[in-house]
Amino acid sequence: MKPTPTPLHRSPRHALPHREAPTGPASFGDHLRTWRQQRHLSQLELANEADISTRHVSFMETGRTNPSREMVLRLCERLSIPLRERNALLVAAGYAPMYRERALDDPALAAARQAVELVLRGHEPCPAIALDRCWNVIATNRAAQALLAAHVSAELLTPPVNVFRLSLHPQGLAPRITNLAQWRHHLFERLRQQIQATADPALIALQTELMEYPAPEEPCPLVLAGEMLGVVMPFCFESVHGMLSLISTTTIFGTPVDVTLQELAVESFFPADEYTANVLRAIARDNCAT
């Protein structure tokens, strides 16, 4: 019998604790200007992209013209704005939000939930974690939960459990990670790219918090081979079972029309050597026996 994924919490809308997200722009014009600048476009460049006049862009940004619903959606498409923020622009322009946001346990997302659970189960005996947009854990398989419970402070496992915090906090995995400088750089780069794409205040708050954690003081930091930028990342840490060498990769949904699904990701870990593979198989056998 295959083990079922173990949920750690069911609150993908839960804000990051201890930090208050800054207030975003209120008017449609402010939203539009912020996203245009975020994408490093001039008014002329955006006008060309959207097949409208520069004057029209200027009037929308200053509030002299109220865009139609179709114009809002066209601009969002040209600016590659995520679904959550598209809803914010629609509301700011006076229209109803278009994209639904539902908890993963909503009956309407049953098929998506089953797909996530299938991925988590199918990845046994290797660790796999389902994550929301802020890298908070939605669910894990048994392999991931066993490794986290054995190596991380219980305080950090209080929902919402954040994998960036688990990795870099002094009471998390950080003291055990052999290639901590490399792993830390990898996480910050992912966060930077996500902030660049979404301008999410919660992610900006998370970045600020993580930067306050102590950086590794290593004269010659270990850099493991096998890194493929944006695809695969090596991860090595001293566990209670010995040195485990893993590689991680992230899977996202293709083109969802639901906010929750667009922001959902699955972080999967694979053994990088035979010893690690044997340890993961042994942990799986122990899980099945209990």
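In the predicted model, five strands form an open sheet in the order β2-β1-β5-β4-β3, with antiparallel pairing. The edges of this sheet are β2 (137-140) and β3 (233-239), each of which pairs on one side only, and the twist from one strand to the next averages 30°. Within the sheet, β4 and strand β5 (residues 265-271) are joined in the antiparallel sense over seven bridges, and Ile252 stands opposite Ala265 of β5.

Two helices lie across the strands. Helix α6 (residues 110-122) lies across β1 (128-131), β2 and β5, and runs at about 155° to β1, whereas α9 lies across β3, β4 and β5 and runs at about 130° to β3. Arg190, a residue of helix α9, has a relative accessible area of 16% and is therefore buried, the cut-off being under 20%. With residues up to four places away in sequence left out of the count, Arg190 touches Trp135, Thr250 and Glu267.

Trp135, one of these contacts of Arg190, is placed in the loop between β1 and β2. The phi of Trp135 is near 65°, a positive value in a residue other than glycine, and Trp135 is buried, with a relative accessible area of 8%. A positive phi in a residue other than glycine is also found at Ala199, where the value is near 55°. Ala199 belongs to the loop between α9 and α10 (201-211) and, at 26% relative accessibility, counts as partly exposed.

In strand β4 (residues 242-252), Ser245 is likewise a buried residue, its relative accessible area being 17%. The contacts of Ser245, again without residues up to four places away in sequence, are Phe235, Cys236, Phe270, Pro271, Ala272, Asp273 and Thr276.

Helix α1 (residues 28-38) has as its buried residues Phe28, Gly29, His31, Leu32, Trp35, Arg36 and Gln38. The elements that cover these buried residues include α2 (43-50), α3 (54-62), α4 (69-78), α5 (83-92) and α9 (180-198). With α3, the axis of α1 comes within 6 Å and crosses at roughly 125°, so that α1 is oblique to α3. The contact between the two helices is made by Phe28, Gly29, Asp30, Leu32, Arg33 and Arg36 on α1, and by Val57, Met60, Glu61 and Thr62 on α3; by residue class, the contact of α1 with α3 divides into four nonpolar, two polar and four charged. After α1 comes His40, which has a positive phi near 60°.

Two cis peptide bonds occur in loops of the model, one of them running from Glu124 to Pro125, with omega near 10°. Pro125 is located in the loop between α6 and β1. The other cis bond joins Pro159 and Pro160, with omega of about 0°, and Pro160 lies in the loop between α7 (142-151) and α8 (163-168).

With regard to cysteines, Cys126 is buried at a relative accessible area of 12%, and Cys134 is also buried, at 2%. A disulfide is a covalent bond between the sulfur atoms of two cysteines. With a cut-off of 2.5 Å between cysteine sulfur atoms, the count of disulfides in the model is zero.

Conventions. Residues are numbered from 1 along each chain as its sequence is written. This is a predicted model: local features need pLDDT of at least 70, side-chain atom pairs count only at pLDDT 80 or more; totals for chains, interfaces and linings use all residues. Side-chain values use heavy atoms; hydrogens and water are left out. Buried means under 20% relative accessible area, exposed over 50%, partly exposed in between (1.4 Å probe, protein chains only). Helices (H or I, at least four residues) and strands (E, at least two) are DSSP runs, numbered from the N terminus. Contact means heavy atoms within 4.5 Å. Two strands pair if DSSP finds at least two bridges between them. Axes are lines fitted to C-alpha atoms, for helices over the stretch in contact, and angles run from 0 to 180 degrees between N-to-C directions. Angles under 35 degrees count as roughly parallel, over 145 as roughly antiparallel, 65 to 115 as roughly perpendicular and the rest as oblique. Ala, Val, Leu, Ile, Met, Phe, Trp, Tyr, Cys and Pro count as nonpolar, Asp, Glu, Lys and Arg as charged, and the others, Gly among them, as polar.
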